[in-house]
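Me: I've got a model open and want a quick walk through it. Can we start with the terms?

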Amino acid sequence: MAGKPDSGYLSLFWDLGNNNEEARNKVAQKLVQQILSKQNENEELCEDASYVLGRLVKGLSSNRKSARVGFATALTNLLLMIPSSVFDSNQLMQLMEEKLKIQGNNKSEDKEVYLGRVFCLLSLIQSKKLTDENSTESLKETVTQLVKLSETKHFLRSITYHGLTEVAAQVSRESFKNSVWPLISDRFDNGWESCTPEILYLLETCAKLHPKICNKEYLKTNKWIPQKSKKGQIIGEHCFKHLARIVAETTSCHPNINPFALSIISSVGKLGSKSLGKLWSEHLSTTLLSSSPERKYLSIKLAIHSLSCLEVDQLSEVWSKDLLMHLYHALLNKDNPLHLICKNELPKYLGEKLNQQDVSWGVQYNLLFRLFSSPGGIHLDSITHTSIIYSIVSHFKLPALLKYITWLKQLFLYGTRGDVGIQDINLDVARRWSSSQLSHLVRMQSLPREEEWIGSIIKFLFVHSHFIVTVENSTSSVLEDGSIKADFIELSQATQSHIQQCFTNVLSWLNNMLPLVYDKTNTEEKKPSVPRIPGTMNSGNFWLTFITKYADQTLLDKSMKPVFQLDDQLQQIWTKTMDYVARLTKLKSQGTRSSKSSEATALQLLLLHVGLQLISFNPQVQASAVDVLEDLQVIVDERFFKKSKKADADQPHWVDVIVEILLTMLSQGSHSVRIVAEQVFRLINPHLTPSSLKLMLDVLKLKSEELMKDDEDGDGEDEEGDEEDNEEEAQKKSDSESSEEDSDDESDEEDAVDVDEEFKKRIKEALGDAAAPSEESDANDEDESEDEDFSDDAMMRIDPLLSDIFKQRKLSRKATKKNNRMQVTHFQLRCLDLLETFITRQCTTNPLVLDLLLPLLDVVESSTKDPEKEILAERATVVLRIKLCKMKGYPHSLDDDVIGRCHDNIAKALKKCYSASGGVFLSQLASHCCMLYLRVLSGNPGKDSKSSSGAVDVDRVCSLYSSALEDFMTKRESRIQACVIQDFISRYPNYAQGLIQPLTTMVADGIQLYRKTQACLMLSSYYQASPVPQSIKESSGEILTAITNIISTVVDDKDSLKGKYMVALIKLLFQCISSLKSTNSDFKSAPIVQHLQNFLKIEEVKRSQELNNLTWKILNVFGLVSQSGKIIGDKRSRKRKNKKKNKEANRDAENIENEGGMNNGEESKESRKQLKARHLKEKKKLTKASKQKRSKKSEKQEKEIKVEN
């Protein structure tokens, strides 16, 4: 079977080895479709099909990537589609013998060929040709080959028996009895004694599919089942000992688990949970756990697989103490061979198993407590740094979850009392762990989330974090019935602090959590009626409302003693705040218009959050909350419950007050506070005013030192103290009592400098006996101290110690200062996030967005100068360039004031370019801002509705850019960047028509060569516009004259030729002449041609391929042709073409080489070298032919030129 190779087939064969299964299957399908299109309805096999079949069979012995699997897939699909009348199983057998011969010279190559033969037989079986042809000889030959291969090599046994199992499943009972059973029945003669996993798997299949042939009598005769057995089941309690041995022999594919081992566990599980427990307790545990690490890992995986077949009573028999001990040591000990695989794989596998429906909630719950009985106890995850406990809890069904929550609460209240199998732990430790677990449950989104159990956890954490619960509160209505008993012990201060943190974490999560209805409902099919607002419940109320209601009930219970201080004034403010919240809730339920509804929701959320601060543990927070609540209540009254009056000019706008409150919240370190601030801002951003935006922009503009002014003043005094000499400080302290005047001066200095107690202590330790005495010893030892002197030796010993102390103090103060500056930067970043939210939501409607461009540009400019604000500069740049300058929509129907401000802002942005310290980067940003303003103005109607420029004042804008152009072209020290003017011309050439005349002049009269080059490029931009402006067409004559004069000067003075400048000039000349030609303008071509011909004679031009090509390109317009007849491409284009040709040639060579490599021993190394040599020879021939073709073409062109002359 021979066929000509096709380069298309070669690439497909190569792609069949792709490791990606989806890509591999697509290639196999494409190959089959190509062969079927060639084969059509021919009765004989076509050459392409013959060649491809041979290559596919040969490729089955390849070990390249996933080639064997890919070739087997393609071969199976092709055999399925080709009828047996065209290509039958006998022909495939012959092809296999031809392409997959066992040479016997090389063991590694023979191994690949053996595997190739097995895969070929499997493809034949899966193509179902054996059953379609109904050929006894082919069936016998296939079975014989598989049996022979299973006996040849041990590594082939599993896959060959799999093939025999598929044959038994496909053939009819008659074919099985006559052709298959006689060839395989001798495998089962010795019963359980010589049984292997493969034999048992095949026997079970035969007994299941052909029970009349592999019947009960046969099984009894060969000792597979007991003689007295009434059932014909192969697997039963009589063979548990053998099953344990067989399962232990399936570890050859470690760490993957043999599917047959899992099927054995499932088969025993069908006998009943007690039978499975007996198998584990009496046989499997001892066999697997007392052997190699591979078998120990197998036992853990099988124990997980057994969960779907177990009942609660048998769980301890499978998950025994020995199994838990081995699992614990594997997770804990990094040197354990199973450490990495158990740590990385087991949590995932366990979670997938527990997520299945056939695992009962009781098994889930009790499995958790079996792991709690391990040496790690409840701290198993933290000790082993794994997520075993988490993977179990996160997949709890609802009954198991509710029971676990109840147990956690009991553990918090009374510890491990009465928990069988769990080691006793300290009550405070149990309380901290259980409260952390309760807070984690609220955040686990994989759990069945219900508001009822989430609310119970919130209440539990709140009451124990904010109130002192004692035995006297056992009858309180706010606590769960019967939760507090006589032996309850009060919480320690450390435990209460921990549960307060847990409650704060839960509160932060709740504020950012969507209504639970969005977790259960597909929003595309059925849209929930609840608004998609974070922090709300299914009813539409905030979770904060739920918490404050419970807090209000608890405060009314006089038996509950709060941890915080709540006097009568705070109590009144709390009651009034709750009243406002209730009134706003009622107002929302009555249905107000959308703008008012968002206001009410924002104010309600803010009242709830600030109201909770009234029951804070910090008195300063309570005091600030009082002031904020008073302002909020005034706003609520004005907006909703009082008749509107004329606004006081001195009174700030209500949005400004809220924004100021939000900025204060953002400056706090609490994550939950920042989440609330962001939510409130999203609700009020349609109502923002220029003054409220200015408040936020002022925060971004302020320097860190200005925001920390108070801290800076204190640090200034400290820095002055640090500049003093350390020896002088020590001398002052040692001589503090030498005289009354010195003592007075010393005390004055000490009063001026605030020194902390820790610093004083370290100074005294360094000075030792020479330290300043205390006030009590001062009176007693006054006489002695007067006569004491501090020796030089003592001073030399103390001096290094004092020096180190002062240095450390200075470094500590610097670190604190740096940390404070970093916090200020983070605060500014949060403000920037709010502005980004405003831009995203209001970019198409609110004209205030346009007022953010220049302030953000100022932020970028100031932040780039400070290394500590590099992050702020990057974020501000992204917001300005991506969110603002490239926004898709923009405000329409602008007022005259806004249009005027846009023109003023263009002038301000261009003014920044005159003194831009940021160079090209800042100038580009300023140019982007100007382009956005022009886009907005162009899209808005102007006073003249017929004007094509919209609301743009073309004269004013062009005048601004003309001034910038003049500065750029005439001043050597100009900071204007060329990109500013270039962007204007490229984007809006019709507005920039007034720049054509000065640019034409500057092409020759620019102050620098660089400026002249840029003038050429700017003029070229006019010609590249679509459509080309009429003004540039009219000015083409002047431009042509200017360029002709320049070229004439260069021809006369060859030293004035500059490469880049001349390239830009010649390009501009070509565009200018093309424009004149297209408009049929009259101009004298003879002087231009003469100057260009003289230009080509310059040596520098001859050496420059680019200048030469461009000049001849212009001469071609006038009908002149170069001597060669064609313009040679530049080096880059030639390199790209050559690289592309070489790449294609290398790919073909690789495919041909791989074709030779597929032979696996059939072709020697010499044949591969011959293939390479042949390919190189063909490549040389092609190269030679192409050169000859080019030379003939050039000769022909030269002859034509001579004839024309």
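Reply: Buried means under 20% relative accessible area, exposed over 50%, and partly exposed in between, using a 1.4 Å probe and protein chains only. By that cut-off Cys-46 is buried, at 14% relative accessible area.

Me: What sort of model is it, and what are the ground rules?
Reply: This is a predicted model: local features need pLDDT of at least 70, side-chain atom pairs count only at pLDDT 80 or more, and totals for chains, interfaces and linings use all residues. Residues are numbered from 1 along each chain as its sequence is written, and side-chain values use heavy atoms, with hydrogens and water left out.

Me: How many disulfides in the whole structure?
Reply: The search finds 0. A disulfide here is a pair of cysteine sulfur atoms within 2.5 Å.

Me: Which cysteine sulfur is closest to that of Cys-913?
Reply: The one in Cys-930, at 6.4 Å, which is too far for a bond. Cys-913 itself is buried, at 1% relative accessibility.

Me: Switching topic. How many helices and strands?
Reply: There are 58 helices and 2 strands. These are DSSP runs numbered from the N terminus: H or I of at least four residues for helices, E of at least two for strands.

Me: What share of the residues is buried?
Reply: 47% of the 1205 residues.

Me: And the core, which residues touch the most other members?
Reply: In the largest nonpolar core, with 341 residues, they are Trp-319, Tyr-404, Trp-407, Leu-441, Leu-995 and Phe-1095. A nonpolar core is a set of buried Ala, Val, Leu, Ile, Met, Phe, Trp, Tyr and Cys residues joined through side-chain atoms within 4.5 Å.

Me: What is Leu-441 in contact with?
Reply: Beyond its neighbours within four places in sequence, its contacts include Val-393, Tyr-404, Arg-449 and Trp-453. Contact means heavy atoms within 4.5 Å.

Me: Salt bridges next. How many?
Reply: 21 in the whole structure. Each is a side-chain nitrogen of Lys or Arg within 4 Å of a carboxyl oxygen of Asp or Glu.

Me: Where does Asp-48 come in?
Reply: Its side chain meets that of Lys-38, 3.0 Å from N to O. Asp-48 lies in helix α3 and Lys-38 in helix α2, so the pair ties together parts 10 residues apart in sequence.

Me: What about Glu-151?
Reply: Glu-151 pairs with Arg-187 at 2.5 Å between the closest N and O atoms. They are 36 residues apart, with Glu-151 in helix α8 and Arg-187 in the loop between α10 and α11.

Me: Is each one buried or exposed?
Reply: Glu-151 is exposed at 53%, whereas Arg-187 is buried at 18%.

Me: Which residues make up a network?
Reply: Asp-833, Glu-836, Arg-875 and Lys-883, linked by salt bridges.
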